[in-house]
Amino acid sequence: MEGFRINRVEGEKIFPLEMPAFYPGQILYRNYDHEFEKQLSKSTAERKIPVVIEFLENPFGFTLTMTDETGARIMVMEKQQKEVARRDQTDNIRI
C-alpha cells in the first residue's frame, strides 16, 4: 500500500501532486477526507469521557491509573527515588 497527495479531482480523473506508480484500472481508496477533518476540528466534535484517576505510591516509585466509564484502563508506572519532605505539607493537601 502506498499513499499520495491529490491536488484535485475532475469527474473520474485525478491530478496527483506527484505521479505514483500505478496501472490503469487499479482501484484507489480515499483515506483522507478534508471535509470530515474540518468537521472534527470544530468544538462540536469534542468528546469528553469521564475517568477515574488514581495516583498511588508503589515500592519503587509511583503509579498513575486512569479508568473510563466502560472499564478501559491504562496504568503508567514511574520508577522514582523518594525523599522525605523537609517541612510539614499538611496545609498543601486538597481534596
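Visitor: How much space lies in the largest pocket?
Guide: About 900 Å³. Keep in mind that this is a predicted model.

Visitor: How many residues line the largest pocket, and which lie nearest its centre?
Guide: The lining has 21 residues. Nearest the centre are Phe4, Ile6, Tyr29, Arg30 and Asn31.

Visitor: Which strand gives the largest share of that lining?
Guide: Strand β1, residues 6-10. It supplies 4 residues of the lining.

Visitor: And by class, what is the lining made of?
Guide: It has 12 nonpolar residues, 5 polar ones and 4 charged ones.

Visitor: New topic: rings. How many aromatic pairs does the count come to?
Guide: The count comes to 1 aromatic pair. The partners are Phe55 and Phe62, with ring centres 5.3 Å apart.

Visitor: Why is the pair of Phe55 and Phe62 called stacked?
Guide: Look at the planes. They are at 10°. Planes under 30 degrees apart count as stacked, so this pair is stacked.

Visitor: Is Phe55 buried or exposed?
Guide: Phe55 is exposed, because its relative accessibility is 59% and the cut-off for exposed is over 50%.

Visitor: What charged end sits over the ring of Phe62?
Guide: That of Lys82, 5.6 Å from the ring centre.

Visitor: And which ring does the charged end of Arg8 sit over?
Guide: The ring of Phe15. The charged end of Arg8 is 4.0 Å from that ring's centre.

Notes: Residues numbered from 1 in each chain as written. Predicted model: local features only at pLDDT ≥ 70, side-chain atom pairs only at ≥ 80, totals over all residues. Heavy atoms only, no water. 1 Å grid on protein atoms, 1.4 Å probe; cavity = no way out; pocket = protein on both sides within 12 Å on 5 of 7 lines; lining within 4 Å. Points joined across faces, edges and corners; volume = space filled by probe spheres on them. Helix = DSSP H or I, 4+ residues; strand = E, 2+ residues; numbered from the N terminus. Nonpolar A, V, L, I, M, F, W, Y, C, P; charged D, E, K, R; others polar. Phe/Tyr/Trp six-rings, centres within 6.5 Å; stacked < 30°, edge-to-face > 60°. Buried < 20%, exposed > 50% of the residue type's maximum accessible area, 1.4 Å probe, protein only. Lys NZ or Arg CZ within 6 Å of the ring centre and 35° of its normal.
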